[in-house]
Amino acid sequence: MVSGYEKALPVMALLLAMVLWGSSFVALKYSFQEMHPLAVIFGRMVVASLCFLPFLRSFTRMGVRRHHIFPLVAMCLCEPCLYFLFESAALVHTAASQAAMITTMLPLMVALAAGLVFGERVSVRTVSGFVVAVAGAVWLSLAGGASGQAPNPALGNFFEFLAMVCATAYTILMKQLSKTFHPFLLTGLQAFSGALFFAPALLLPKVRAVADLPVGGLLAVLYLGTVVSVGAYGLYNFGISRLPASQAAAFVNLIPVFSILLGFLILGERMTPWQLCACALVFFGVLLSQDSGTREVA
């Protein structure tokens, strides 16, 4: 018999993960003003990897078999590797609040992917909601002109959409792998693989040396590596392991709420009335897509 607390635990974990992820857009945007984006991502992955070093022995006992290698590599390649490449490019060109709004399409994309991969029934309502949300995201990109915080919002929002494609594949793979491996260990593998993937970035001429890094940027990297990469991902992976993938992904819709608020308070970002209307259209598309008759990933 599952207690009420055990049922609520993954929900609470996902809620906290969304708060932390909402803050990550603001932290990334701030750190990119202080440091080269690739240096930020590499530092974030190194800090996260250091947090998992005390549990290194557990990783050697995961019991990985040959048939596990491809999905594990694919999961890590999708996120954090390609995901962070696209997201860092996005935040160079668009505002943190706009990038966070694009994440609202992730639940719809996960539902569609689950239909293709797992044979779930995807209703016309879900597809219609996805189309409306995409239209809102395109409108959001075109409604705002270039500014200091968003020099090329259309390009930046497109990169964020590509990041969501990677996040969709990651969510499906993570759901499957969590049936065999503990979510904590999968989170650690993501950190180690991300550090290895972004290490060559230090050889690029434009990436600053460690000695030149500002204190503010280092604090942002420390926050991203510990609180977000370890905390948020660990909480999200735990939630995915206990709930249907499409249900867990629906919590992503809360990210823009926290990101827009923090972007306004910390970065001084503003959104035009037309962009606010576009945000409302995205949310309407998300709500439209919620079909209780759609079977979820178990």
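F197 is partly exposed, with a relative accessible area of 33% (partly exposed lies between buried, under 20%, and exposed, over 50%, using a 1.4 Å probe and protein chains only). The model is predicted, so local features need pLDDT of at least 70 and side-chain atom pairs count only at pLDDT 80 or more, while totals for chains, interfaces and linings use all residues. Residues are numbered from 1 along each chain as its sequence is written, and side-chain values use heavy atoms, with hydrogens and water left out.

**View 1. F197 and F198 form an edge-to-face aromatic pair.** Rings of Phe, Tyr and Trp (its six-membered ring) pair if their centres lie within 6.5 Å; planes under 30 degrees apart count as stacked, over 60 as edge-to-face and the rest as tilted. F198 is buried, with a relative accessible area of 2%.

**View 2. W21 and Y236 form an aromatic pair.** This pair is also edge-to-face, at 4.9 Å centre to centre and 65° between the planes. W21 lies in helix 1 and Y236 in helix 10 (residues 215–242), so the pair ties together parts that are 215 residues apart in sequence. Helices (H or I, at least four residues) and strands (E, at least two) are DSSP runs, numbered from the N terminus. The chain has 13 helices and zero strands.

**View 3. The largest nonpolar core has 73 residues.** Such a core is a set of buried Ala, Val, Leu, Ile, Met, Phe, Trp, Tyr and Cys residues joined through side-chain atoms within 4.5 Å. M18, W21, Y83 and Y236 have the most contacts inside the core. Helix 1 (residues 4–34) supplies the largest share, 10 residues. Leaving aside residues up to four places away in sequence, M18 touches Y236, F251, V252, L254, I255 and F258 (contact means heavy atoms within 4.5 Å).

**View 4. Five phenylalanines form one aromatic cluster.** The members are F52, F55, F59, F184 and F192. The structure holds 10 aromatic pairs.

View 5. A disulfide is a pair of cysteine sulfur atoms within 2.5 Å, and the structure holds zero. C76 counts as buried at 9% relative accessibility, and C78 counts as buried at 16%.
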